[in-house]
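Please look over the sequence and the model first; the text then takes up a few features in turn.

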Amino acid sequence: MSNYQNSIIRNPEIMNGKPIIKGTRITVELILKKLSEGVSIDDLIKMYPHLTQLQILASLEYASDIIGNEELLEVS
């Protein structure tokens, strides 16, 4: 079992089913977007005090697993 499975959930009734941090309405997408904009993990925790470093790292692991399991289709 991946470490993120205790931190990341999907519920069609919350945030249109996007993956979120369990117990929040913070999406994995938001975390990745903030990190890509140069926001540090420490700053993210200051912005969202109920987030933990472990949850932020779980978001990265989740995204990595999703990308790692993508199937590429060749277009001819």
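Glu29 is partly exposed, with 47% relative accessible area. In this predicted model, Glu29 forms a salt bridge with Lys18, and their closest N and O atoms lie 2.7 Å apart. Glu29 belongs to helix 1, whereas Lys18 sits in the loop between strand 1 (8-9) and strand 2 (20-21); the pair is eleven residues apart and links distant parts of the chain. Lys18 is partly exposed too, because its relative accessible area of 38% falls between the limits of 20% and 50%. Side chains of opposite charge can pair when their charged atoms come close.

The structure holds two salt bridges. The other pair is Glu37 with Lys33, at 4.0 Å from N to O. Lys33 is also eleven residues from Lys22 in sequence, and the C-alpha atoms of these two lysines are 18 Å apart in space. Lys22 itself lies in the loop between strand 2 and helix 1. Setting aside neighbours within four places in sequence, the contacts of Lys22 are Asn6, Ser7, Ile9 and Gln55.

The loop between strand 1 and strand 2 also holds Met15 and Asn16. Neither is a glycine, yet each has a positive phi. Their values are set out below.

| Residue | Phi | Relative accessible area | Class |
|---|---|---|---|
| Met15 | about 50° | 31% | partly exposed |
| Asn16 | about 55° | 76% | exposed |

Asn16 counts as exposed because its 76% is over the limit of 50%.

The wider layout comes next. The chain has three helices and two strands, and along the sequence they follow the pattern β-β-α-α-α. The chain has 76 residues, of which 30% count as buried. Its C-alpha trace spans about 50 × 30 × 25 Å along the principal axes. Among contacts with a sequence separation of 6 or more, 38% join residues 24 or more positions apart.

How do helix 1 and helix 3 pack, and at what angle? Their axes are 10 Å apart and meet at an angle of about 100°. Helix 1 is therefore roughly perpendicular to helix 3, since the angle falls in the range of 65 to 115 degrees. On the side of helix 1, the residues in this contact are Val28, Ile31, Leu32 and Leu35; on the side of helix 3, they are Ile56, Ser59, Leu60, Tyr62 and Ala63. By class, eight of the residues in the contact are nonpolar, one is polar and none is charged.

The largest nonpolar core has 13 residues, and those touching the most other members are Ile8, Ile21, Ile26, Ile31, Leu44 and Leu51. Two elements give two or more residues to this core: helix 1 (28-36) and helix 3 (53-68). Helix 3 supplies the largest share, three residues. Ile31, one of the core residues named above, is also part of the contact between helix 1 and helix 3.

Ile21 shows what surrounds one of these core members. Apart from residues up to four places away in sequence, Ile21 touches Ser7, Ile8, Ile26, Ile31, Leu51, Gln55 and Ser59. Of these neighbours, Ser59 also takes part in the contact between the two helices, and Gln55 is in contact with Lys22 as well.

Conventions: Residues are numbered from 1 along each chain as its sequence is written. This is a predicted model: local features need pLDDT of at least 70, side-chain atom pairs count only at pLDDT 80 or more; totals for chains, interfaces and linings use all residues. Side-chain values use heavy atoms; hydrogens and water are left out. A nonpolar core is a set of buried Ala, Val, Leu, Ile, Met, Phe, Trp, Tyr and Cys residues joined through side-chain atoms within 4.5 Å. Buried means under 20% relative accessible area, exposed over 50%, partly exposed in between (1.4 Å probe, protein chains only). Helices (H or I, at least four residues) and strands (E, at least two) are DSSP runs, numbered from the N terminus. Contact means heavy atoms within 4.5 Å. Axes are lines fitted to C-alpha atoms, for helices over the stretch in contact, and angles run from 0 to 180 degrees between N-to-C directions. Angles under 35 degrees count as roughly parallel, over 145 as roughly antiparallel, 65 to 115 as roughly perpendicular and the rest as oblique. Ala, Val, Leu, Ile, Met, Phe, Trp, Tyr, Cys and Pro count as nonpolar, Asp, Glu, Lys and Arg as charged, and the others, Gly among them, as polar. A salt bridge is a side-chain nitrogen of Lys or Arg within 4 Å of a carboxyl oxygen of Asp or Glu.
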